[in-house]
There are 2 protein chains.
Amino acid sequence: MSQLSPTDLLTQLQWRYATKQFDASKEIPSNTWDMLEDSLVLTPSSFGLQPWHFFVIRSQDLKEELLPHSWGQVQVTDCSHFVVMAAKTTMTETDIDHFLKRTTALRGGEIDALNPYRDMMVGFTSQMDDAAKLQWAKHQAYIALGQLMTSAAVLGIDACPMEGIIPAEYDRILGLKEKGLTTTVACALGYRAETDKYAAAPKVRFEKSEVLTTL
Amino acid sequence: MSQLSPTDLLTQLQWRYATKQFDASKEIPSNTWDMLEDSLVLTPSSFGLQPWHFFVIRSQDLKEELLPHSWGQVQVTDCSHFVVMAAKTTMTETDIDHFLKRTTALRGGEIDALNPYRDMMVGFTSQMDDAAKLQWAKHQAYIALGQLMTSAAVLGIDACPMEGIIPAEYDRILGLKEKGLTTTVACALGYRAETDKYAAAPKVRFEKSEVLTTL
């Protein structure tokens, strides 16, 4: 039985919060982290195209370099693992063919049998201009953020999503432009400090009736 | 112990797939669904502003009406619960004050004590034009999609994310424009049909080394 009960899921989602203070002395064990990375890599994406790259920052020097471009949020330097989600700045037929090659490598069969699927993906992506393609890729990166935060929560690992970063500076420091990538969002992971008073604050969500309608 | 082990999390994320055929005769039990809704409502968002509304479509007539605007994907009509994630088309100071009121209602304290937080949110949102605000809100809706899919997976509930929908037609049918909302993405949930051959297909993801770098 590898599932979680609905009650336990809610317990974990209530337990999580956007961690303000990490305990800098606590590190996520490497075998746990490896599996959390695997869960991140398993994130679903549009057509399965995975238009992203994840950077896991462990270097303290690099964290210090990113800090001034992160609204000074010390979660960057105090967390155990700092993940930067980067989106691909384009999506070409070469990318699509690369994905189809991977598909046949894993599933077998002839690549030509995937031509209808190829046509659909090429049709979908070619109708978008560069700005729209980038937005599409960024949307996928946010799915990855959601999957990572929820995965961390059910494992009992703390996380803080971080939109308050300067993507252009992150891109420069990480050398992303030349890789055809751009910084989209980040997430600090580790363990809350005992002194973080936000851990005990009631979670602020609107009433369900205000944000959800059944039709 | 309400947590999941990393191994069990991966088992569930490997078990899930973008369900192509739902068993239309199977319905998610209402108590389970209620808790899955709660997990959706708990989705983290930028500043906690929750710039979204979720529509849970149960009406078969409404599902049928949405189908032609969903690339004909029958998951819309065959699933148990069809969720449409809509983003707020704007974010005003009134919205921010409404959120701060909710914060003090849940956490106590004087609303004026939150002025520095208010200033930060007003500063952040006022520097964005309408298009940027909408993109920001859509990003949050994708976090909700990620949280919903991962939550469903750990509960053993099937899901299919759906970007292949015509937002303008959805907006028209659901009357979203006048509510200050726009359709962003959708997700069909329920139980896979035994005949769905995609359930057994190996999952296609790039090698971790191709999409993840540790620095």
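Biologist: How many helices and strands does chain A have?

Modeller: Helices (DSSP runs of H or I, at least four residues) and strands (runs of E, at least two) are numbered from the N terminus, and chain A has nine helices and five strands. Read from the N terminus on, the elements of chain A follow the order α-α-β-α-α-β-α-α-α-β-α-β-α-β. This is a predicted model, in which local features need pLDDT of at least 70 and side-chain atom pairs count only at pLDDT 80 or more, while totals for chains, interfaces and linings use all residues. Residues are numbered from 1 along each chain as its sequence is written, and chains are lettered from A and ligands numbered from 1 in the order in which they are written.

Biologist: What does the C-alpha trace of chain A span along its principal axes, and what percentage of the residues of chain A count as buried?

Modeller: The C-alpha trace of chain A spans about 60 × 45 × 40 Å along its principal axes. A residue is buried if 20 or more other C-beta atoms, placed from the backbone, lie within 10 Å of its own, exposed if 12 or fewer, and partly exposed in between; of the 215 residues of chain A, 42% count as buried. Two residues are in contact if their C-beta atoms lie within 7 Å, and among the contacts in chain A with a separation of 6 or more, 83% come from residues 24 or more positions apart.

Biologist: Which residues have the most contacts inside the largest nonpolar core?

Modeller: As a general idea, nonpolar side chains in soluble globular proteins tend to be buried together. A nonpolar core is a set of buried Ala, Val, Leu, Ile, Met, Phe, Trp, Tyr and Cys residues joined through C-beta atoms within 7 Å. Here the largest nonpolar core has 104 residues, and M85(A), C187(A), M85(B) and C187(B) have the most contacts inside it. Not counting residues up to four places away in sequence, the residues that M85(B) touches include W52(B), F54(B), L145(B) and V185(B).

Biologist: Where does P51(A) lie, and is P51(A) buried or exposed?

Modeller: P51(A) is found in the loop between α2 and β1 of chain A, and it counts as buried because it has 26 C-beta neighbours inside 10 Å. Leaving aside neighbours within four places in sequence, P51(A) is in contact with S45(A), A87(A), K88(A), M91(A), A137(A) and Q140(A). The C-alpha atoms of P51(A) and L134(A) are separated by 9.2 Å, although these residues are 83 residues apart along the chain.

Biologist: What is the phi of W71(A)?

Modeller: Most residues other than glycine have a negative phi. W71(A) has a positive phi of about 50° although it is not a glycine, and W71(A) lies in the loop between α3 (60-66) and α4 (75-78) of chain A. With 14 other C-beta atoms within 10 Å, W71(A) is partly exposed. In chain B, W71(B) has a positive phi of about 50°.

Biologist: How many residues of chain A are in contact with chain B?

Modeller: 65 residues of chain A are in contact with 65 residues of chain B. On the side of chain A that touches chain B, the largest share, 14 residues, comes from α7(A). For classes, Ala, Val, Leu, Ile, Met, Phe, Trp, Tyr, Cys and Pro count as nonpolar, Asp, Glu, Lys and Arg as charged, and the others, Gly among them, as polar; that side of chain A has 33 nonpolar, 22 polar and 10 charged residues.

Biologist: At what angle do α1(A) and α2 of chain B cross?

Modeller: Axes are lines fitted to C-alpha atoms, for helices over the stretch in contact, and angles run from 0 to 180 degrees between N-to-C directions. The axes of α1(A) and helix α2 (residues 30-41) of chain B cross at roughly 15° and come within 9 Å. Angles under 35 degrees count as roughly parallel, over 145 as roughly antiparallel, 65 to 115 as roughly perpendicular and the rest as oblique, and α1(A) and α2(B) are therefore roughly parallel to each other. Residues P6(A), T7(A), L9(A), L10(A) and L13(A) of α1(A) meet T32(B), M35(B), L36(B), D38(B) and S39(B) of α2(B), a contact with six nonpolar, three polar and one charged residues.

Biologist: At what angle do helices α5 and α6 of chain B pack?

Modeller: Helix α5 (residues 93-107) and helix α6 (residues 115-126) of chain B pack at about 150°, with their axes 10 Å apart, and are therefore roughly antiparallel to each other. E93(B), I96(B) and L100(B) of α5(B) and R118(B), M121(B) and V122(B) of α6(B) make the contact, and these residues divide into four nonpolar, no polar and two charged.
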